[in-house]
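Here is a briefing on one protein chain. Look over the sequence and the structure first, then read the points below.

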Amino acid sequence: MRVNEQGRSMIEMLGVLAIVGVLSVGGIAGYSKAMNKFKTNKVGDQIQMISTNIRTLFSSQRTYAGLNNGMALQAGLIPGEMYQAVSSGGAYDSDYTITNAFGGGVAINVVDQSTANDDMAFTIAVDQIPQSACVSIATTDWGGDAGSGLAAMWIGEGVAGSASGGTLNALDGVTSTLAAGTNLHIPGDTDHGLPFSIIDANGACANNLNGVVWKYF
């Protein structure tokens, strides 16, 4: 007895490959989106933890004088996942590298709050934040009351380190005198309060290498 055997045609094989390709692309896109969301949430958790740790440590002090990356590391204010092990000498330089969840830098600096050289506020800056993550961070409710300590928030193209000195300097002064706008938002401001509106967030997060700066008192 003869048994007829017939393999798959070329068209069928191409169809199978096309389906596999579509599923693969969809899977990669889904994974990428999930990772971006995870990192975005991670940045938020990192900033909240650092700001809370700093404000708690300095709660009995009149100023934040002496605060920088190195001091924050030495005092154990930075989550271990954000930096590599210190050198064998155990030195904590003021410019010691701290990284955020997206691989960008983190910079902690002392700034003024009410009068010149009062050192009664500090900034936490991050960079290399993708556009979608930047918009999500901008529209998050970070709080704006005395309990949160948040005095201002700036978003735009920039980096966390010394190259963003202009940005950090813009936040170094009396908060009430800062001109709030698309990039700079101040709690309680009628037109540019916190969180950012969707329109302002999209305007501030103009590219895939954004910088974000939080000012706390």
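Helices (H or I, at least four residues) and strands (E, at least two) are DSSP runs, numbered from the N terminus. This is a predicted model, in which local features need pLDDT of at least 70 and side-chain atom pairs count only at pLDDT 80 or more, while totals for chains, interfaces and linings use all residues. Residues are numbered from 1 along each chain as its sequence is written, and side-chain values use heavy atoms, with hydrogens and water left out. The chain holds 5 helices and 5 strands.

**Confidence**

- pLDDT is the predictor's confidence in each residue, on a scale from 0 to 100.
- The chain has a mean pLDDT of 82, and 74% of its residues reach 70 or more.
- Confidence is highest in helix α3 (residues 131-138), with a mean of 96.
- Confidence is lowest in helix α4 (residues 165-170), where the mean is 59.

**Overall make-up**

- Read from the N terminus, the elements follow the order α-α-β-β-α-β-α-β-α-β.
- Of the 217 residues in the chain, 37% are buried. Buried means under 20% relative accessible area, exposed means over 50%, and partly exposed lies in between (1.4 Å probe, protein chains only).
- The accessible surface of the chain is about 12,000 Å². Carbon and sulfur atoms account for 54% of that surface. Areas come from the Shrake-Rupley method with a 1.4 Å probe; for residues, only the protein chains shown count as cover.
- Contact means heavy atoms within 4.5 Å. Among contacts between residues at least 6 apart in sequence, 68% join residues at least 24 apart.

**The sheet**

- Five strands make an open sheet, in the order β1-β2-β5-β3-β4. The pairing is antiparallel.
- β1 (106-111) and β4 (184-185) are the edge strands, and each pairs on one side only.
- Two strands pair if DSSP finds at least two bridges between them. Strands β2 (residues 121-129) and β5 (residues 210-216) run antiparallel and are joined by 6 bridges.
- Across this pairing, I129 stands opposite N210 in β5.

**Aromatic pairs**

- A pair of aromatic rings is described by the distance of the centres and the angle of the planes.
- Rings of Phe, Tyr and Trp (its six-membered ring) pair if their centres lie within 6.5 Å; planes under 30 degrees apart count as stacked, over 60 as edge-to-face and the rest as tilted.
- The whole structure contains 4 aromatic pairs. Y64 and F122 form an edge-to-face pair, because their ring centres are 4.9 Å apart and their planes stand at 65 degrees.
- This pair links distant parts of the chain. Y64 is in the loop between α1 (10-57) and α2 (69-74), F122 is in strand β2, and 58 residues separate them.
- Y64 is buried, at a relative accessible area of 9%. F122 is also buried, at 0%.
- F122 and Y216 are stacked, because their ring centres are 5.6 Å apart and their planes stand at 20 degrees.
- This second pair also links distant parts of the chain: F122 is in strand β2 and Y216 in strand β5, 94 residues apart.
- Y216 is buried, with 3% relative accessibility.
- One aromatic cluster is formed by F58, Y64, F122 and Y216.

**Salt bridge**

- A salt bridge is a side-chain nitrogen of Lys or Arg within 4 Å of a carboxyl oxygen of Asp or Glu. By this rule the count is 1.
- The side chains of E81 and K42 form a salt bridge, at 3.3 Å from N to O.
- That pair links distant parts of the chain, 39 residues apart, with E81 in the loop between α2 and β1 and K42 in helix α1.
- K42 is partly exposed, at a relative accessible area of 25%.

**Backbone geometry**

- Most residues other than glycine have a negative phi, and most peptide bonds are trans.
- The peptide bond from L194 to P195 is cis, with omega near 0 degrees. P195 is in the loop between β4 and α5 (198-204).
- N117 is not a glycine, but has a positive phi of about 60 degrees. N117 is in the loop between β1 and β2 and is exposed, at 65% relative accessible area.
- D119 is not a glycine either, and has a positive phi of about 55 degrees. D119 is in the loop between β1 and β2 and counts as partly exposed, at 26% relative accessibility.
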